[in-house]
Amino acid sequence: MSVNSLQKAEAIRALKGERTISMLTAYDYPTGRLLDEAGADAILVGDSLGMVMLGFPDTTHVTLDMMLHHTSAVARGVTNALVIGDMPIHSYDTPKQALITASALIGAGADAVKLEGGVNQVEKVRCIVGAGIPVIGHHGMLPQRVIEEGGYKKKGKTEAEADAILEGALALQEAGCSAIVLESVIPAVAERITAALEIPTIGIGCKAKDDQQTCDGEVAVITDVVGSYPWFVPPFATPRADVAGEITRAVREYISAI
Ligand code: KIV
Ligand code: NA
């Protein structure tokens with residue numbers, strides 16, 4: 001990581017209370033470059049690439065090699081945004097492995113890394129942050145545990161669950177995270193956690209559809225935003241283009257033109 005990467009992570013952290021932070025996923029050079037040129041604050045090379053780029057049923061099939069391949073492509077296209085490399089399942093089972101994985105993602109061009117989980121991940125976060133690598137947390141619904149969970153469920157519905165997510169978020173902050181992604185946490189709990197933290201929360205699926213922001217920022221999977229993966233659109237997504245329809249139209253036009 002460079003001084004520049006640390007400055008970028010600090011700049012994201014400092015946006016809390018100033019304005020809404022924009023984060024989107026990208027998995028390749030052109031998308032990374034387009035998002036950067038469009039002014040995204042942060043670009044996440046998410047392990048969601050397993051589904052929306054590689055055709056797997058969930059993120060549990062993604063390997064570190066896949067993440068490195070896509071992270072380096074995105075990083076080549078990005079100048080200004082914070083590039084975050086997602087740490088895939090079983091690439092951070094121990095603090096030592098977590099640091100090796102984080103270093104590899106930084107070597108591929110990421111400015112920061114992201115890992116899933118709360119209280120039980122703080123030692124790993126400390127280890128990575130201690131090496132000078134910015135870490136983004138991820139709490140609430142944890143897609144890498146979708147099989148154990150039996151699906152994608154809203155989190156924080158019971159007081160015990162809400163308290164556990166808040167406790168985890170505070171522990172991640174204490175361990176040195178620059179920001180925390182909150183996924184599918186019910187709006188009232190996302191608001192409570194956002195108010196309790198000094199670092200920004202970046203939400204996905206944490207508000208009533210098209211309703212008021214409950215977090216300090218918002219993250220979206222790029223295929224959901226541009227409509228390029230029509231076979232599955234999460235209920236909380238707002239497609240703002242129909243890229244799949246445009247591809248189909250252009251290819252049909254090409255086929256009939258030649
Ligand atoms: O992999 C991903 O796209 C993510 C976001 C949903 C936060 O982790
Ligand atoms: Na992810």
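Which residues does Ala-112 touch, not counting residues up to four places away in sequence? They are Ser-5, Ala-9, Leu-82, Ile-84, Ile-133, Pro-134, Val-135, Ile-136 and Ser-178, where contact requires C-beta atoms, placed from the backbone, within 7 Å. This is a predicted model, in which local features need pLDDT of at least 70, side-chain atom pairs count only at pLDDT 80 or more, and totals for chains, interfaces and linings use all residues. Residues are numbered from 1 along each chain as its sequence is written, while chains are lettered from A and ligands numbered from 1 in the order in which they are written.

- Ala-112 lies in strand β4; strands (E, at least two residues) and helices (H or I, at least four) are DSSP runs, numbered from the N terminus.
- Ala-112 is buried, because 27 other C-beta atoms lie within 10 Å; the cut-off for buried is 20 or more other C-beta atoms within 10 Å of the residue's own, exposed means 12 or fewer, and partly exposed is in between, with C-beta atoms placed from the backbone.
- Ala-112 and Ile-136 are 24 residues apart along the chain, and their C-alpha atoms are separated by 7.2 Å.
- The largest nonpolar core has 68 residues; such a core is a set of buried Ala, Val, Leu, Ile, Met, Phe, Trp, Tyr and Cys residues joined through C-beta atoms within 7 Å.
- Helix α4 (residues 64-77) gives this core its largest share, five residues.
- The residues with the most contacts inside the core are Ala-42, Ile-43, Val-83, Ile-84 and Val-113.
- Leaving out residues up to four places away in sequence, Val-113 touches Ile-84, Gly-85, Met-87, Ala-102, Leu-105, Ile-128, Ile-133 and Val-135.

**Helix α1**

- Lys-8, Ala-9 and Ile-12 are buried in helix α1 (residues 3-13).
- These residues are on the same side of α1, because they cover an arc of only 95° around the axis; the arc is that of the directions from the helix axis to the C-beta atoms.
- Elements covering the buried residues of α1 include β1 (21-25), β2, β3, β4 (112-114) and β6 (179-183).
- Val-3 and Glu-10 are exposed, on the face of α1 turned away from its buried side.

**Annotated binding sites**

- One UniProt "binding site" annotation, from an unreviewed entry, covers Asp-47, Ser-48, Asp-86 and Lys-114; UniProt positions are in the numbering used here, feature names are shortened, and annotations may be inferred rather than shown by experiment.
- These residues are spread over 68 residues of sequence but cluster in space, with a largest C-alpha distance of 12.5 Å.
- A "binding site" annotation in the unreviewed UniProt entry also covers Asp-47, Asp-86 and Glu-116.
- Those residues span 70 residues in sequence, yet no two of their C-alpha atoms are more than 11.0 Å apart, so they gather at one spot.
- Asp-47 lies in the loop between β2 and α3, and counts as buried because it has 28 C-beta neighbours inside 10 Å.
- Beyond its neighbours within four places in sequence, Asp-47 is in contact with Thr-59, Val-62, Met-67, Asp-86 and Pro-88.
- Ser-48 is placed in the loop between β2 (42-45) and α3 (49-52), and is buried, with 22 other C-beta atoms within 10 Å.
- Leaving aside neighbours within four places in sequence, the contacts of Ser-48 are Thr-25, Thr-59 and Val-221.
- Asp-86 is found in strand β3 (residues 82-86), and is buried, with 29 other C-beta atoms within 10 Å.
- Among the residues that Asp-86 touches, not counting those up to four places away in sequence, are Asp-47, Met-67 and Lys-114.

**Ligand 1**

- Thr-25, Leu-44, Gly-46, Asp-47, Ser-48, Asp-86, Val-181, Ile-204, Val-219 and Val-221 surround ligand 1; a residue is counted as near a molecule if its C-beta atom, placed from the backbone, lies within 6 Å of it.
- The shell around ligand 1 divides into five nonpolar, three polar and two charged residues, with Ala, Val, Leu, Ile, Met, Phe, Trp, Tyr, Cys and Pro counted as nonpolar, Asp, Glu, Lys and Arg as charged, and the others, Gly among them, as polar.

**Annotated active site**

- UniProt lists Glu-183 as "active site" in an unreviewed entry.
- Glu-183 is found in strand β6, and is buried, with 22 other C-beta atoms within 10 Å.
- Apart from neighbours within four places in sequence, Glu-183 is in contact with His-138, Gly-140, Met-141, Ile-204 and Gly-205.

Key
Contact = placed C-beta atoms within 7 Å.
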